[in-house]
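This report describes the fold of one protein chain, from its overall composition to selected residues. Please consult the sequence and the structure shown below while reading.

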Amino acid sequence: SNILVGKPLMPAKMLYVQDEMISVNARVGKTSLIMSLVSEEFPEEVPPRAEEITIPADVTPERVPTHIVDYSGKDYTRLNNGIQLYAVNNKNSIDKVCLSIPLFLKLLTFSFGVVFRLPLILVGNKSDLVEYSSMETILPIMNQYTEIETCVECSAKNLKNISELFYYAQKAVLHPTGPLYCPEEKEMKPACIKALTRIFRISDQDNDGTLNDAELNFFQRICFNTPLAPQALEDVKNVVRKNLSDGVADNGLTLKGFLFLHTLFIQRGRHETTWTVLRRFGYDDDLELTPEYLFPLLKIPPDCTTELNHHAYLFLQSIFDKHDLDRDCALSPDELKDLFKVFPYMPWGPDVNNTVCTNERGWITYQGFLSQWTLTTYLDVQRCLEYLGYLGYSILAEQESQASAITVTRDKKIDLQKKQTQRNVFRCNVIGMKGCGKSGVLQALLGRNLIRQRQIRAEHKSYYAINTVYVYGQEKYLLLHDVSDSEFLTDAETICDAVCLVYDVSNPKSFEYCARIFKQHFMDSRIPCLVVAAKSDLHEVRQEYSISPAEFCRKHKMPPPQAFTCNTVDVPSKDIFVKLTTMAMYPHVTQADLKSSTFWLRASFGATVFAVLGFAMYKALLKQR
């Protein structure tokens with residue numbers, strides 16, 4: 001007999017109810033057991049096989065629909081649980097069930113090809129026929145096999161423990177002990193400790209190493225939909241204090257105390273409490289985060305991009321503040337490592353420090369932290385969803401999934417038609433021959449002059465840079481991508497919001513490369529292009545091309561070449577970044593307007609004013625933080 005147990009958001013579960021497996025006709029009462037459960041009376045005539053039966057969720061103790069199928073096959077690969085039946089009034093039946101358990105486990109291993117742990121329940125039927133218990137005989141076999149979850153004696157005839165039997169069967173499937181606890185060692189298994197430790201760190205929202213009353217109440221509400229009364233909170237902490245000297249600190253529950261409580265729940269048969277917590281935080285039966293949790297469905301139509309919304313930025317700000325322990329508005333290597341402890345791996349490499357803004361010590365700043373998240377969302381939104389899942393976004397923000405953190409922008413064609421955009425992130429491909437100064441342009445966006453750039457190790461070089469730029473008083477993200485091999489641009493590499501064509505004023509062959517790439521890929525496109533004359537602090541030589549860079553720009557109705565150098569004492573000029581962002585924001589603006597100095601003056605003036613105001617507000621926020 002098989003029982004399929006299905007639960008919302010969980011795959012269907014199958015329970016396998018069998019006799020002692022040595023003799024198919026042992027007549028231990030499995031069919032009558034099923035019929036007694038359903039009809040609530042003992043059948044006078046027991047058919048060879050029961051019809052398929054579905055028990056609705058509202059009448060089962062675990063509130064899950066139960067589908068019962070009387071099935072005599074041995075397709076073990078479909079099982080989620082085994083119920084071993086024996087007759088308590090028959091010593092041979094008891095002996096056979098003791099012999100059948102190792103055989104059954106071997107068959108499972110053969111069927112799956114791997115060692116497979118299936119929760120088993122021993123059921124002694126026909127207890128109405130004897131005045132003694134079989135438990136003394138069964139207990140040694142229970143202690144020998146950790147797969148055995150529990151043993152129940154019942155009677156199909158007088159309905160004793162019938163409901164309880166199927167309750168334990170459902171519980172063994174939905175809340176198995178095996179993944180959580182090692183009875184021999186009397187402690188939780190490493191995978192369970194690891195999962196609960198991550199849950200504790202997510203729930204410790206002020207990162208002080210304890211769960212205070214507010215954090216415990218929030219945890220209780222999101223996991224069990226009800227807060228704890230003040231006295232109940234104290235009772236919980238008193239239980240921990242009584243058993244663990246360092247389980248409570250500063251009137252808050254420590255990690256040791258949190259793990260102790262769950263060990264206590266499991267030891268007292270309250271596995272469902274721990275499983276409810278684990279599943280609320282995205283874990284499956286193997287204590288792995290489920291794909292549904294990490295990668296919620298998100299539809300992205302063609303020509304649309306992905307950005308973080310306001311709620312996501314607020315969440316990330318809270319995460320930054322939680323781990324910026326010294327309040328210097330930057331994350332030290334230790335603080336960053338602490339932040340990523342809830343991840344199974346370190347997601348950021350040393351190249352990130354050369355992709356976003358850092359302080360003088362090379363630590364990622366608050367602005368750099370948000371920029372890196374913005375970059376990940378734009379380039380690889382699935383990875384962003386995964387990262388937000390590790391941080392517990394859907395739980396802490398009380399959202400259905402991480403997908404609620406993402407804004408999918410509208411088709412770029414609509415932006416062009418309406419002559420306005422709702423986007424906040426703009427991608428600019430930086431193109432030029434090797435050695436022309438592209439890396440310098442990327443690092444200048446992050447405010448680094450040539451002296452700071454020379455400190456970057458070659459193996460830590462980044463081909464991306466992202467920072468905020470102000471245009472007409474609006475804060476936007478400019479994402480620069482160094483297209484290293486421009487000779488063979490793919491279609492994907494030509495998709496961007498603006499193009500920065502860089503040539504070296506001191507290299508006579510440099511501009512010809514830019515002109516050729518422009519004609520091959522961008523001359524007939526609607527993507528705005530800006531020519532940048534890099535290394536303008538050096539002596540300018542005549543370019544070996546049929547016309548000068550200025551004439552080329554005039555001929556193709558582009559703004560004139562922009563002189564640029566990062567060989568400065570202070571921060572390099574950001575004029576070209578304002579222009580690139582403006583061109584990306586307003587691709588419909590005519591080339592005549594782009595060449596107008598008044599147009600750029602308005603954009604730059606707005607950017608300057610807003611930058612000054614923004615810096616003042618930022619300083620005020622720093623004082624508050």
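## Structural report

The protein chain contains 23 helices and 22 strands. The model is predicted. Of the 625 residues in the protein chain, 51% are buried. The chain exposes about 30,200 Å², and 54% of this area comes from carbon and sulfur atoms. Among contacts between residues at least 6 apart in sequence, 70% join residues at least 24 apart.

Six strands form an open sheet in the order 18-19-17-20-21-22, and their pairing is mixed. Strand 18 (464–471) and strand 22 (562–563) are at the edges; each has a single partner strand, so one side of each lacks a neighbour in the sheet. Strand 22 runs parallel to strand 21 (residues 529–534), and two bridges join them. Within this pairing, valine 532 is opposite glutamine 562 of strand 22. Helix 17 (residues 438–445) packs on the sheet and touches strand 17 (425–431), strand 18, strand 19 (474–482) and strand 20 (498–504). The direction of helix 17 makes about 155° with that of strand 19.

**Helix 8**

Helix 8 (residues 255–267) has 13 residues, which at 1.5 Å a residue should span 18 Å; its end C-alpha atoms are 18 Å apart, in agreement with that expectation. The buried residues of helix 8 are Gly257, Phe258, Leu259, Phe260, Leu261, His262, Thr263, Leu264 and Ile266. Glycine 269 follows helix 8 and has a positive phi, near 80°.

**Aromatic pairs**

A pair of aromatic rings is described by the distance of the centres and the angle of the planes. The whole structure holds 23 aromatic pairs. Two of these pairs are set out in the table.

| Pair | Centre to centre | Angle between planes | Arrangement |
|---|---|---|---|
| Tyrosine 313 and tyrosine 477 | 6.4 Å | 10° | stacked |
| Phenylalanine 511 and tyrosine 545 | 5.7 Å | 80° | edge-to-face |

Tyrosine 313 belongs to helix 11 (residues 310–323) and tyrosine 477 to strand 19, so their pair ties together parts that are 164 residues apart in sequence. Tyrosine 313 is partly exposed, with a relative accessible area of 21%, whereas tyrosine 477 is buried, with a relative accessible area of 8%.

In the edge-to-face pair, phenylalanine 511 and tyrosine 545 form the partners. Phenylalanine 511 lies in helix 19 (residues 510–522), and tyrosine 545 lies in the loop between strand 21 and helix 20 (549–555), so this pair ties together parts that are 34 residues apart in sequence. Both phenylalanine 511 and tyrosine 545 are buried.

Ring pairs also link a cluster made up of Phe320, Phe340, Phe343, Tyr345, Trp348, Tyr366, Phe369, Trp373, Tyr387 and Tyr390.

**Tyrosine 378**

Tyrosine 378 is located in helix 13 (residues 366–379). Is tyrosine 378 buried or exposed? Its relative accessible area is 15%, and the cut-off for a buried residue is under 20%, so tyrosine 378 is buried. Leaving aside residues up to four places away in sequence, tyrosine 378 touches Thr305, Thr306, Val425, Arg427, Leu479 and Asp497. Tyrosine 378 and valine 425 are 47 residues apart along the chain, and their C-alpha atoms are separated by 7.8 Å.

Notes
Residues are numbered from 1 along each chain as its sequence is written. This is a predicted model: local features need pLDDT of at least 70, side-chain atom pairs count only at pLDDT 80 or more; totals for chains, interfaces and linings use all residues. Side-chain values use heavy atoms; hydrogens and water are left out. Two strands pair if DSSP finds at least two bridges between them. Helices (H or I, at least four residues) and strands (E, at least two) are DSSP runs, numbered from the N terminus. Contact means heavy atoms within 4.5 Å. Axes are lines fitted to C-alpha atoms, for helices over the stretch in contact, and angles run from 0 to 180 degrees between N-to-C directions. The expected span of a helix is 1.5 Å times one less than its number of residues. Buried means under 20% relative accessible area, exposed over 50%, partly exposed in between (1.4 Å probe, protein chains only). Accessible areas come from the Shrake-Rupley method with a 1.4 Å probe; for residues, only the protein chains shown count as cover. Rings of Phe, Tyr and Trp (its six-membered ring) pair if their centres lie within 6.5 Å; planes under 30 degrees apart count as stacked, over 60 as edge-to-face and the rest as tilted.
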